[in-house]
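Take a look at the chain below. The paragraphs after it move from the whole chain to a few single residues.

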Amino acid sequence: MRNRKPASVARGGFTMPEVLIASAIATVVAAGLLTVFVWVGHQATLCAKIAWSQNEAMKTSSQIMMYVRNAKEIVTNDVSQGTWVQLRFGDGSAARLVYSNDMPRLRDGRIYLVRSNGTELIVARGLTEIQNSSGYTTPVFTKTRDNSLRIAYRVAEPASSGARDANDGPYAAAVRFAVALRNFDPSR
């Protein structure tokens with residue numbers, strides 16, 4: 001009698017080709033999952049920055065509109081660069097809306113309301129002027145008629161350093177609106 005192995009004997013392990021194929025498939029699946037995870041993280045960050053910029057744009061534009069609408073007269077404005085406008089209010093007081101982008105802290109633009117008794121910050125950090133298609137900046141304040149202003153600026157979430165990111169195009173909010181003086185007296 002011969003010793004024969006029964007046909008149903010189980011193997012003790014995997015062959016080398018099986019291990020290599022399984023490792024390759026696992027590596028491809030893990031790389032795909034990691035790529036999706038990183039992409040989702042970037043998209044979530046981008047969405048948060050877009051939401052912040054849009055919220056800040058709505059909040060700041062309503063504050064600026066409130067001041068301009070309550071003005072009685074546009075006294076004068078910067079016609080060369082459009083960075084400020086002087087307003088007179090119903091009580092006789094005057095104030096100046098000023099856009100400032102301090103050079104030592106580049107891309108840290110702000111809009112202030114400057115009154116005789118001090119300075120009040122209206123718009124948070126992260127403002128810049130809007131560039132047209134030729135690369136030139138458009139004025140922030142433009143007097144369109146005796147009783148109305150056109151206002152344009154960009155808002156982007158400041159980086160952790162406090163200044164604006166250099167590549168904020170995908171999430172910056174461009175704000176453009178016109179506002180008329182509610183208390184304007186056309187007979188003056």
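Of the 188 residues of the chain, 31% count as buried. Buried means under 20% relative accessible area, exposed over 50%, and partly exposed in between, with a 1.4 Å probe and protein chains only. The accessible surface of the chain is about 12,200 Å². Carbon and sulfur atoms hold 56% of that surface. Such areas come from the Shrake-Rupley method with a 1.4 Å probe, and for residues only the protein chains shown count as cover.

This is a predicted model, in which local features need pLDDT of at least 70, side-chain atom pairs count only at pLDDT 80 or more, and totals for chains, interfaces and linings use all residues. Residues are numbered from 1 along each chain as its sequence is written, and side-chain values use heavy atoms, leaving out hydrogens and water. The mean pLDDT of the chain (the predictor's confidence in each residue, from 0 to 100) is 83. A score of at least 70 is reached by 82% of the residues. Confidence is highest in helix 1, at a mean of 93, and lowest in strand 5 (residues 118–121), at 71.

The chain has one helix and nine strands. Helices (H or I, at least four residues) and strands (E, at least two) are DSSP runs, numbered from the N terminus. The order from the N terminus is α-β-β-β-β-β-β-β-β-β. Contact means heavy atoms within 4.5 Å. Among contacts with a separation of 6 or more, 53% join residues 24 or more positions apart.

Now follow helix 1, which spans residues 16–69. Leu20 is part of this helix. Leu20 counts as exposed because its relative accessible area is 54%. Together with Phe14, Met16 and Val19, Leu20 makes a nonpolar surface patch of about 470 Å².

Further along helix 1 sits Ser53. Is Ser53 buried or exposed? Ser53 is buried, because its relative accessibility is 0%. Its side chain reaches the backbone oxygen of Tyr171 at 3.1 Å. Beyond neighbours within four places in sequence, Ser53 contacts Val155, Ala156, Glu157, Tyr171, Ala172 and Ala173.

Arg69 also belongs to helix 1. Its relative accessible area is 33%, so Arg69 is partly exposed. Which residues does Arg69 touch, not counting those up to four places away in sequence? They are Val179, Ala180, Leu181, Arg182 and Asn183. Arg69 and Leu149 are 80 residues apart in sequence, yet 9.8 Å apart in space, C-alpha to C-alpha.

How values were computed: A polar contact is a pair of N or O atoms within 3.5 Å; within protein, one must be able to donate a hydrogen and the other to accept it, and residues adjacent in sequence count only if both atoms are side-chain atoms. Patches are made of residues with over 30% relative accessible area and no salt bridge: like charges are joined within 9 Å, nonpolar side chains (Val, Leu, Ile, Met, Phe, Trp, Tyr) within 5 Å. A salt bridge is a side-chain nitrogen of Lys or Arg within 4 Å of a carboxyl oxygen of Asp or Glu.
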